[in-house]
Amino acid sequence: MGYVDALIVGLGNPGSRYARTRHNIGWMAVDALLAEHGATAKAKHHGRYAELRLGDIPVAVLAPETFMNDSGRSVGACVRDLRLGVDDVIVVYDDIELDPGRVRARAGGGLKGHNGLRSMADALGSPDFLRVRCGVGRPGRGDPRDVAAYVLSAFEADEDPDALAAEAVRCAEAIVVDGIAEAERRWP
């Protein structure tokens, strides 16, 4: 193990056109976590990188600035540099299988067509990283958008991405401080 005990990764896409889209909820969570701890990210590992403490636990935080489908390049470089194991990585990402606004903790799991998760699994050699799944739902009945267009679109006026990001931060912090089993109990 390296000099940090965990890496929290928030997935997203670079560029202002993606800034407040469903697919960027991971970035929103990372930004909320950094703001909460007064930490400033710097350019490193093809992303925005910072270190902070959750209680007595040193953690690294990464927002890959590669596009979503190449997130593994950034995460893989960071994990190798920090000498972390795959089970020390916590990824925050959008999940269309969960109702909008719901957060769920999970150890490992499938990739379900999520290109950011697939890229990470390829780079890390395993899909067994820890997860903070952020529910964004699917296009509603009558919505002409396909799933890709839907996740790349902005949240609706009645959705609260800031509350979703804040809940994702609480979940990620709990995984680090209390362990994945406790987080899965609290965010089932």
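**Figure 1. V9 meets its bridge partner V91 in strand β5.** The view is taken from a predicted model, in which local features need pLDDT of at least 70 and side-chain atom pairs count only at pLDDT 80 or more, while totals for chains, interfaces and linings use all residues. Residues are numbered from 1 along each chain as its sequence is written, and side-chain values use heavy atoms, with hydrogens and water left out. Strands β1 and β5 pair in the parallel sense, over four bridges; two strands pair if DSSP finds at least two bridges between them. Strands (E, at least two residues) and helices (H or I, at least four residues) are DSSP runs numbered from the N terminus. Strand β5 is mostly covered, with seven of its seven residues buried. Here buried means under 20% relative accessible area, exposed means over 50%, and partly exposed lies in between, for a 1.4 Å probe and protein chains only.

**Figure 2. Strand β7 pairs with β5 and with β6.** β7 spans residues 130–135, and six of its six residues are buried. Six bridges join β7 to β5 (residues 89–95) in the parallel sense, with G135 of β7 as the bridge partner of D95. Strand β6 (residues 103–107) runs antiparallel to β7 and is joined to it by five bridges; R106 has R131 of β7 as its bridge partner. In a regular strand, side chains alternate between the two faces of the sheet. Both faces of β7 are covered: L130, V132 and C134 are buried on one side, and R131, R133 and G135 are buried on the other.

**Figure 3. V132 is one of the residues that touch the most other members of the largest nonpolar core.** A nonpolar core is a set of buried Ala, Val, Leu, Ile, Met, Phe, Trp, Tyr and Cys residues joined through side-chain atoms within 4.5 Å. The largest one holds 40 residues, and I8, L52, I90, I175 and V176 are listed together with V132 as touching the most other members. Helix α5 (residues 161–178) supplies the largest share of this core, nine residues. Leaving out residues up to four places away in sequence, V132 touches I90, V91, V92, Y93, V103, R104, A168, C171, A172 and I175, where contact means heavy atoms within 4.5 Å. Apart from this core lies another, of 22 residues, including V4, L11, L62 and L111. In soluble globular proteins, nonpolar side chains tend to be buried together.

**Figure 4. Strand β3 pairs with β2 and with β4.** β2 (residues 42–44) and β3 (residues 47–54) run antiparallel and are joined by three bridges. K44 stands opposite G47 of β3. Two residues separate these strands in a hairpin, and H45 in the turn has a positive phi of about 55 degrees. Eight bridges link β3 to β4 (residues 57–64), again with an antiparallel course. In this pairing G47 faces P64 of β4. The hairpin of β3 and β4 has two residues between the strands, and G55 takes a positive phi near 65 degrees.

**Figure 5. Y18 and F67 form an edge-to-face aromatic pair.** The structure holds one aromatic pair. Its ring centres are 6.3 Å apart, with 85 degrees between the planes. Rings of Phe, Tyr and Trp (its six-membered ring) pair if their centres lie within 6.5 Å; planes under 30 degrees apart count as stacked, over 60 as edge-to-face and the rest as tilted. The partners are 49 residues apart: Y18 is in the loop between β1 (6–10) and α1 (25–36), and F67 is in the loop between β4 and α2 (71–82). Y18 is buried, at 12% relative accessible area, whereas F67 is partly exposed, at 44%.

**Figure 6. Arginine charges sit over the rings of F155 and W27.** R22 lies over the face of F155, 5.7 Å from the ring centre. The charged end of R48 is placed over the W27 ring, at 5.0 Å from its centre. A charge sits over a ring if NZ of Lys or CZ of Arg is within 6 Å of the ring centre and within 35 degrees of the ring normal.

**Figure 7. S71 of helix α2 is buried, at 0% relative accessibility.** The S71 side chain reaches the backbone oxygen of M68 at 2.8 Å. Not counting residues up to four places away in sequence, S71 touches L11, P64, T66, G116 and S119.

Technical notes
Polar contact = N/O pair within 3.5 Å; in protein donor to acceptor, adjacent residues only side chain to side chain.
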